[in-house]
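Thanks for making time. I have one model to show today, and I will keep to what can be read from its coordinates.

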Amino acid sequence: MASIGALTKEQTARLGEQGYLALPEFVSAEEVSEIGAIFDHLLASKAGWQDGNQFDLAGTDDGGDAKLPQILYPSRYAPALKNHAVVQRARQIAEAYFGEAPRDAHGEHMIFKPPRDGAVTPWHQDQAYHDPTLDERALNFWIPLDDCDEQNGCMHYVPGSNSLDVLPHHSIGHDPSVHGLEVDEPEKHARQSVSCPLPAGGCVIHLPTTLHYAGPNLSGRQRRAYILIMEVQGTKRSVPVDNYWMREKRTARMERAEQISGAEPKPL
Ligand SMILES: O=C(O)CCC(=O)C(=O)O
């Protein structure tokens, strides 16, 4: 696939106004099939489970089938992803967008919505998971490896929500042993949302405070997403976010990570 290099002026303006930008073609069919095969292998082999890097985002990992399996740092378990052309493409776009090179260690993860059984990814802002002392400067590249629509869990966004500060969140089901977060009063935001169906190999870019959600998988089709986060140094906030929702978290994933490293557990 030809290198995209940089967003156009119009695309950059739309991303700044709406907080998200859909690109119907980002990854070639060959790359989708290569990364898809890696995805399937990492999921089936439970790569990263022992380290706390594979877990059920919507559950407590207490046995049974995961409803929303997530794999953090997939390139640690699949080195072919490390300097993949898709990673370089995302990096180039972020460098042109920010006018500086993103950190070498980019964020990366994979999320699976199994057919008929894939749980909702609730409304949230990514920054609610992260360092409360910073306003993050990052682009999140969400890349579907399967065609996705409202039936199998495509992304939804609240246009313009990127101009909001970090909103209060809570653990899914108000249970701090569940990995994922949900913004408070999600119905209020859902009313203003738009869905973002995409073909496999497309991409939607969003910003750290953009409110987003992905519906349940009600279809007989799987929904796999490969996600890259390209980040430059964030701006120090004068008042840190009071992210009590992260301070109270205590998940099985954190405990597994702690056992492996002997370190204090860190939330997501
Ligand atoms: O794939 C999903 O279900 C959610 C992805 C997401 O929340 C993200 O990329 O920030």
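This is a predicted model: local features need pLDDT of at least 70, side-chain atom pairs count only at pLDDT 80 or more; totals for chains, interfaces and linings use all residues.

Start with the ligand. The shell around the ligand holds 13 residues, and the closest are Thr121, Asp126, Trp142, His212 and Arg223. Sorted by class, that shell has 5 nonpolar, 5 polar and 3 charged residues.

Which side chains place a polar atom by a ligand oxygen? Trp142 does, with a polar side-chain atom 2.8 Å from an oxygen atom of the ligand. Arg223 also has a polar side-chain atom 2.8 Å from a ligand oxygen. For His206, an N or O atom of the side chain is 3.5 Å from an oxygen atom of the ligand.

Where in the fold does the shell come from? At least two shell residues are supplied by each of β4 (107-113), β5 (121-124), β6 (134-144), β12 (212-214) and β13 (223-236). Keep those strand names in mind for the sheets.

The 7-stranded sheet is open, its pairing is antiparallel, and the order reads β1-β11-β6-β13-β4-β3-β2. Why do β1 and β2 each have a side without a neighbour in the sheet? Both stand at the edges, β1 at 20-23 and β2 at 54-56, and each has a single partner strand, so one side of each is left open in the sheet. On average, neighbouring strands here are turned by 20° against each other, direction ignored.

Within that sheet, look at β6 and β11. Strand β11 covers residues 203-206 and runs antiparallel to β6, with 3 bridges joining them. Asn140 stands opposite His206 of β11, and His206 is the residue whose side chain has an N or O atom 3.5 Å from a ligand oxygen.

Helix α4, residues 85-98, lies across β6, β11 and β13, and runs at about 35° to β13.

Now the other sheet. It is open too, with 4 strands in the order β5-β12-β7-β10 and antiparallel pairing. Its edge strands are β5 and β10 (194-196), each of which pairs on one side only.

Strand β7, residues 155-157, runs antiparallel to β10 and is joined to it by 3 bridges. What is the bridge partner of Tyr157 in β10? That partner is Val194.

That is the end of my part; I will take questions.

Key. Residues are numbered from 1 along each chain as its sequence is written. Side-chain values use heavy atoms; hydrogens and water are left out. A residue is near a molecule or strand if one of its heavy atoms lies within 4 Å of it. A polar contact is a pair of N or O atoms within 3.5 Å; within protein, one must be able to donate a hydrogen and the other to accept it, and residues adjacent in sequence count only if both atoms are side-chain atoms. Ala, Val, Leu, Ile, Met, Phe, Trp, Tyr, Cys and Pro count as nonpolar, Asp, Glu, Lys and Arg as charged, and the others, Gly among them, as polar. Two strands pair if DSSP finds at least two bridges between them. Axes are lines fitted to C-alpha atoms, for helices over the stretch in contact, and angles run from 0 to 180 degrees between N-to-C directions. Contact means heavy atoms within 4.5 Å.
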